Amino acid sequence: MRRLEVDVRHKSFAAASGGRLDVIGSLAFSLGNGEVGALVGPSGCGKTTLLRIIAGLDRDYDGSVTLPDHGRLGVVFQEPRLLPWRTLEQNVRLAAPDASDEALTALFRALGLDAHRQLFPGELSLGLARRAALARAFAVEPELLLLDEPFVSLDDTLAMRLRDELAELVTRRPVTTLLVTHNVDEAIGLADRLFFLSASPARVIAEVPVARPREKRTAEELAALRAEIARKLGQA
Amino acid sequence: MAIRLVSFALLIAAWYAGAQFAGDARVLPGPWAVALMMADEARSGTLAFNLGATLSRVAIAFALAMLIGSAIGWAMGRYRTADRFGDPWLIVLLNLPALVIIVLAYIWAGLTETAAIIAVALNKLPIAAVTVREGARALDRGLDDMAQVFRMNALTRMRHVVLPQLAPYLAAAARSGLSLVWKIVLIVELLGRPNGVGFEIGTAFQLFDVTKILTYALAFTAVMLVIETFLVQPVERHVARWRPKAA
C-alpha cells in the first residue's frame, strides 16, 4: 500500500503585471494510510493551490506527488460545486456510478440527507449543500479524501455538528484524509497530524502529531495541545 | 392565456378594419376571404403538399445548421486555437447576404434539393455557432474540475455537466434559428424549387394574388406557432425545471 507523499519544490503563477508570483516554496510531507492530516495556515498562503496540485488539477509545478493506492479521489471543494440541474441523489450517483443503493442510503442517513434526496441544489441550504458535497466525496469510496475548508461560512453550531459527523464517517471507514483549514480548533478536532504552513510562499514550519484517538480528547488535552502548538510555532 | 386571446382578436380586428379601409380586395382582402381560400386549398390537398415540402426543408436545414453550428461554436468557445482559426470564416459567413449564398449554391450545385438545403443551413450555421460560442466561453471551471477529480467519463460530462450549461444558449439559437430558417427557405423555394410555400407565393406574386399570398403565409405561420407551443416551449420547461420559479 502506497502512502500519500507530497514533495512540491516550487510553484509560481504568472502575475498580471508580468513576472512570476511565488506561491509555494519547498514543501514536503507525507501521510500514512488511514491517517487524517490537516494543513493549517493563514489565508492566501497557497493551501488551495497545494490541494489542486494534489488533486491533479494543476500540473504546472516542480516536484512530485504520490497518491495512495490507485489514487481514487474524493474531494470536497470550498463551495459545494453541485450540478444545479440534477437532484441531490443524481449528483452523488453521477460521481459514484458504482455505489450500491444500500451504501448510498446508509450514507444519506448518516448525513441527515434522507429527506432531501430528490431536491435540486437550489432548494438546499448551504449546510445541506455542504453535506451533499461530503456525501458525494464519500460515495466514491476514495483512497484519498481532500477537504478544502469544508465548513467555512457556516455558523459555529452547524460547523461543529458537521465536523462531528465527518469525524464519525472517517472513523467508521478509515480513509487517508487531507484537510485544509485556517482554523486550528477545527484541525485539532479532526486530524491525527497537523502541518502548519508559513505565509506565501508556503512551506511547512511545524508538524504536530495528535496521538490520542479523536473521540476521546478531553478539554484539558486540547488545551495542552494548543499550548504545544503555540510553543512550536514560536520556535519556528 | 386570456390576454393572449384578446391580443390575437385585436390583431384580426385591425386586419378587418384595414381591409374595409382599403376597399379593394385585390390590395388587402379581409380575414374571411383568406379563410375561404385556405379551406379551398386544404380541400384540394395542395396546401398540405406545399406546407409539407416547406416544413421538411425547414426541419432538415435547421437540424443540420444547429448540429454543426453548435459543435463548431462549442469548440471555438473551448479552445483558443479553434477560435482564432474559425473566427474569420464566421465573420465572412455572417456578413455574406443570404441571397448571395443561395444564388451561388444554385449555380454551383444546380437547382437541386441538396443545393437548397445547404444554402439555408449555411445561412443559419454561423449564428448558431456564435451564440453557442458565448455559452462555451461562460462554462463553469469549478464544475469542470469537479468532473475531473471524480473521473466522470466524456459522455457523462457532456450530458450532465456541459449541455445543461449550454441549454439557454442552445434554446436562444433554436428560437431565432427556426424563424430565420423558414424565411430563408421561402426565398430558396421562390428562386429554384418547383413546390413549397415559397414557390406558391412566387406564382401568386406574378398574378398579384394577395389573397393567396396571405393564405400561404398565414398557414405556415400557424404551423410554426403549433411547433413553438407544443414542441419548443415544453422542451424549454423541461430543461429549466430545476430553476427556482419566477414570481
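## Strand pairing in chain A

Two strands count as paired if DSSP finds at least two bridges between them. Helices (H or I, at least four residues) and strands (E, at least two) are DSSP runs, numbered from the N terminus. The model is predicted: local features need pLDDT of at least 70, side-chain atom pairs count only at pLDDT 80 or more, and totals for chains, interfaces and linings use all residues. Residues are numbered from 1 along each chain as its sequence is written, chains are lettered from A and ligands numbered from 1 in the order in which they are written, and side-chain values use heavy atoms, without hydrogens and water.

Strand E9 of chain A covers residues 193-197. E9(A) pairs with strand E10 (residues 204-209) of chain A in the antiparallel sense, over 5 bridges. A hairpin of 6 residues links E9(A) to E10(A), and Arg193(A) lies opposite Pro209(A) in E10(A). Strand E4 (residues 36-40) of chain A runs parallel to E9(A), with 4 bridges between them; Ala38(A) has Leu194(A) in E9(A) as its bridge partner. Of the 5 residues in E9(A), 4 are buried (under 20% relative accessible area, with a 1.4 Å probe and protein chains only).

Two packed helices are described by the angle between their axes and the distance between the axes. Axes are lines fitted to C-alpha atoms, for helices over the stretch in contact, and angles run from 0 to 180 degrees between N-to-C directions.

Helices H3 (residues 101-110) and H4 (residues 126-139) of chain A pack at about 145°, with axes 10 Å apart. Leu104(A), Leu107(A) and Phe108(A) of H3(A) meet Ala135(A), Phe138(A) and Ala139(A) of H4(A), a contact being heavy atoms within 4.5 Å. This contact has 6 nonpolar residues, no polar and no charged ones. Ala, Val, Leu, Ile, Met, Phe, Trp, Tyr, Cys and Pro count as nonpolar, Asp, Glu, Lys and Arg as charged, and the others, Gly among them, as polar.

## Chain B

Chain B has 10 helices and 0 strands. Its C-alpha trace spans about 70 × 50 × 30 Å along the principal axes. Of its 247 residues, 37% are buried. Among contacts in chain B with a separation of 6 or more, 74% join residues 24 or more positions apart.

Helix H3 (residues 46-78) and helix H6 (residues 113-137) of chain B pack at about 35°, with axes 6 Å apart. The contact of H3(B) with H6(B) has 17 nonpolar, 4 polar and 6 charged residues.

Definitions and conventions. Buried means under 20% relative accessible area, exposed over 50%, partly exposed in between (1.4 Å probe, protein chains only).
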